[in-house]
Amino acid sequence: MKKKRFRFQWGAFLLLIFYGGLFFLLFTRMVTLQASGEVEGQELAAKAAAKYQKESAITANRGKIYDTNGKVIAEDTLSYRLVAVVNESATTNPKKPRHVVDPEETAEVLAEYIDMDKEAIYHRLTKRRDDGTLPYQVEFGSAGRGISHEIMNQIKEEELPGILFVSDLKRYYPNGVFASHLIGFALKEENKDGTVTTKGKMGLELTYDEALTGENGKVEYQTDAFQYLLPNSEKMITPAKDGDDIYLTLDKTIQSFVEDAMTRVEKEYNPESMTAVVADPKTGKILAMSQRPTFNPETRSENMKWLNEVIEETIEPGSTMKIFTLASAIDSGNWNPNETYNSAPYKVHDRVIRDHNRVGWNWITYLEGFQRSSNTSMAHLLKKMGDDVFLDYLDRFGFGQKTGIDLPNEATGIILSQYPINRVTTSFGQGSTVTPIQLIQGMTAIANDGKMMQPYVIDRIVDSSTGEIIEQHEPKEKGQPISKETAKQVQEILASTLTSKYGTAKDFVLDEYQVAGKTGTAEIPKASGGYYWGADQFLYSFLGMAPADDPQLIMYVSVEKPKLKGKLGSVPVAEVFNPVMQNSLKHLNINPEDVKAVDRVAIQDYTGKNAEAMQVELANDGLKPIIVGAGGEIIEQYPKGKQKLVKGSFVFLKTAGNSTLPNFTEWSLRNILVFKTMSGMEIEAVGEGFAVSQSVSPGTVISDRAPIVVNLKTPAESFIPDVDVSPEGEIENIEIE
């Protein structure tokens with residue numbers, strides 16, 4: 001057998017070398033990759049995570065804003081975001097298109113539902129990228145966000161191809177126009193990275209934006225190359241943290257009273273602006289705050305003045321400033337209500353101060369001057385006090401400085417004092433400037449036994465997840481600018497501006513509560529210098545409190561340049577103050593936990609009934625009935641009608657015939673004036689405070705008009721031995737409304 005010759009196969013050898021080398025290279029590469037985990041300087045794990053590991057955001061809710069009773073003022077609610085798929089690659093079945101087929105028709109229809117015109121919508125639907133291709137989908141900015149469920153359904157009924165909706169959160173203000181300049185508003189805002197965040201734009205929404213804004217969470221997971229969730233892959237969940245909740249001192253019911261009244265007055269009198277504030281004088285809590293013009297935070301208006309005028313703008317207050325001039329005079333010992341002064345025009349060098357009737361009322365008492373809202377009476381009081389004393393009291397009341405309310409951009413106002421004329425005009429509220437919130441703060445001292453309380457609107461900030469109180473605001477006393485006795489005297493004199501026949505505040509008498517306060521009519525400065533003049537060109541206001549004997553609420557209302565149509569300037573102001581004050585007091589009586597408990601007794605209309613029988617009944621109820629006249633049938637009473645009085649209050653029952661003089665000891669000036677008016681007696685009250693003696697013995701039947709002198713003293717003076725006081729003027733009658 002022939003032996004087979006071996007032949008070397010070069011082709012096979014070369015293939016072996018080639019594939020062997022290739023295998024060696026691949027094996028070396030695999031070992032290197034496994035050892036280092038890198039390729040071309042990049043970590044493979046990171047690249048895999050970037051490609052297959054995904055995350056989805058968990059949107060945090062913005063914190064809610066509540067009123068003092070936990071009623072929602074602002075919250076996040078479900079809404080929808082409009083999306084248009086514009087790339088035809090989304091459509092797999094031409095009979096059922098999933099992209100926008102007709103951009104022009106789609107733009108025309110959508111323009112009827114969102115706040116964007118047809119041309120702008122069409123531009124978004126057809127705008128191409130730099131490479132000339134259409135994006136897969138587009139959105140419509142703020143116009144396409146916050147769409148309600150109702151609008152979404154209406155758009156869906158149009159059956160527009162490629163139009164989709166994505167669930168979203170929208171800031172919702174359920175009360176509409178409601179303390180809008182205080183609450184402010186928040187809007188969706190697109191960030192640089194394409195994400196969208198709700199941002200506060202004004203008011204509390206802006207001031208407390210950081211506290212209200214939550215932290216979004218996220219879900220991390222892994223997908224395959226086709227974006228399907230990999231089985232058994234772990235999810236990493238970082239929960240969202242919702243924003244903190246803010247509880248305000250506002251009372252939703254009282255705020256609603258304010259909004260309703262202001263809307264009615266704005267519609268009828270068309271003023272340039274209005275402000276209103278309601279506060280609790282015992283604590284400084286702001287219970288309501290509003291202004292006109294205003295806005296609905298859901299819709300807003302581009303031509304709106306965004307300043308909170310109660311806090312951020314100053315005014316020349318007019319005669320409401322006389323409250324503090326009066327308090328300064330009384331507290332410094334420079335007030336005698338029966339002293340007379342000449343109310344003729346008052347000269348300060350080359351300047352002349354006049355009253356609203358231009359000529360004055362000749363010689364009148366200071367009390368009558370205050371009731372008539374006399375400017376010259378303030379000028380004379382300033383001269384008695386001295387400029388430095390007056391300015392010191394204004395500083396004590398907080399004028400010319402911030403109140404410290406928990407709101408931003410508070411103005412300070414300016415108390416002009418450089419020249420004598422500045423100081424005189426400041427005494428009756430012209431020249432110098434203040435803010436409405438400063439007037440409210442100062443009034444708390446008058447209503448709260450001389451203790452001045454700092455106003456505030458934030459009650460507490462709460463962690464919405466745990467309920468933990470993060471920040472608690474408490475009532476803060478700002479000092480005691482006047483004594484308790486002074487505060488009580490000012491209250492009584494303010495009450496007389498409603499009941500005196502000379503009073504300027506008769507429009508503010510309520511049916512069921514006694515009010516104390518002061519009207520204001522201020523000239524408004526022109527930007528070019530000088531002042532506007534005319535009945536429709538003034539700032540009308542009222543700063544008042546009720547009930548007069550134990551104030552539970554104080555309220556400031558201003559109406560600028562109303563169209564009066566022949567009415568008095570106090571009328572539109574009263575049409576805000578009166579219903580708000582009366583309804584708010586009723587509301588607080590229904591909820592006694594919101595107010596200081598006061599033992600009250602209900603009275604009725606007793607006209608036509610027997611005075612002696614009613615006297616026994618009222619005394620048994622803890623009241624102090626006073627029969628005016630000879631007794632028998634009651635022909636008039638004061639206070640009138642159905643209302644609740646604090647136990648110990650006086651009730652005057654007028655009958656026919658001559659009156660028996662009561663014992664006036666410890667009677668207040670106001671009650672003496674009421675008795676004087678109802679009886680027709682010639683009674684002259686001398687001094688201030690409470691009655692300590694009288695010139696005619698109690699029990700005397702008075703049949704003539706001989707004068708009866710009643711001496712009054714403050715509690716502090718009661719320890720000083722009596723001295724003879726010669727009356728310098730006669731106190732005027734008061735008229736029972």
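This is a predicted model: local features need pLDDT of at least 70, side-chain atom pairs count only at pLDDT 80 or more; totals for chains, interfaces and linings use all residues.

Residues are numbered from 1 along each chain as its sequence is written, and side-chain values use heavy atoms, with hydrogens and water left out.

Okay, back to that sheet. When I say helix or strand, I mean DSSP runs numbered from the N terminus, H or I with at least four residues for helices and E with at least two for strands. Two strands pair if DSSP finds at least two bridges between them. Here we have an open sheet of 3 strands, in the order β25-β28-β26, with mixed pairing. β25 (624-628) and β26 (636-638) are at the edges with a single partner strand each, so one side of each has no neighbour in the sheet. From one strand to the next, the twist averages 20°; axes are lines fitted to C-alpha atoms, for helices over the stretch in contact, and angles run from 0 to 180 degrees between N-to-C directions. β26 and β28 (residues 650-654) run antiparallel, joined by 3 bridges.

Now the helices on that sheet. Contact, by the way, means heavy atoms within 4.5 Å. Helix α19 (residues 611-620) packs on the sheet and touches β25 and β28, with its direction at about 165° to that of β25. Helix α20 (residues 669-679) packs there too, touching β25, β26 and β28, and its direction makes about 5° with that of β28.

How many of the 11 residues of α20 are buried? It's 9, so to speak a mostly covered helix, where buried means under 20% relative accessible area, exposed means over 50%, and partly exposed is in between (1.4 Å probe, protein chains only). Among the buried ones are Leu669, Ile672, Phe675 and Met678, and also Arg670 and Lys676.

Next, strand β12 (residues 245-248). Side chains in a regular strand alternate between the two faces of the sheet. In β12 both faces are covered: Asp245 and Tyr247 are buried on one side, Ile246 and Leu248 on the other. β12 pairs with strand β4 (residues 65-66) in the parallel sense over 2 bridges, and Ile65 has Ile246 as its bridge partner. With strand β19 (residues 458-462), β12 pairs in the antiparallel sense over 4 bridges, and there Asp245 stands opposite Val462.

Leu553 counts as buried because its relative accessibility is 0%. Leu553 and Val278 are 275 residues apart in sequence, yet their C-alphas are 6.8 Å apart in space. Leaving aside neighbours within four places in sequence, Leu553 has contacts including Val278, Pro281, Leu287, Met545, Met581 and Leu588.

We use a 1 Å grid over the protein atoms alone: a cavity is a set of points where a 1.4 Å probe fits but cannot get out, a pocket is an open set with protein on both sides within 12 Å along at least five of seven lines, and lining residues have an atom within 4 Å of a point. Grid points are joined across faces, edges and corners, and a volume is the space filled by probe spheres set on the points.

The largest pocket holds about 1,200 Å³. It has 40 lining residues, and His356, Asn375, Thr521, Glu523 and Trp533 lie nearest its centre. β21 gives the largest share of that lining, 5 residues. By class, the lining has 13 nonpolar, 17 polar and 10 charged residues; Ala, Val, Leu, Ile, Met, Phe, Trp, Tyr, Cys and Pro count as nonpolar, Asp, Glu, Lys and Arg as charged, and the others, Gly among them, as polar.

The second largest pocket has about 910 Å³ and 26 lining residues, with Ser142, Arg145, Leu187, Glu298 and Arg300 nearest its centre. β8 gives the most here, 5 residues, and the classes come out as 9 nonpolar, 6 polar and 11 charged.
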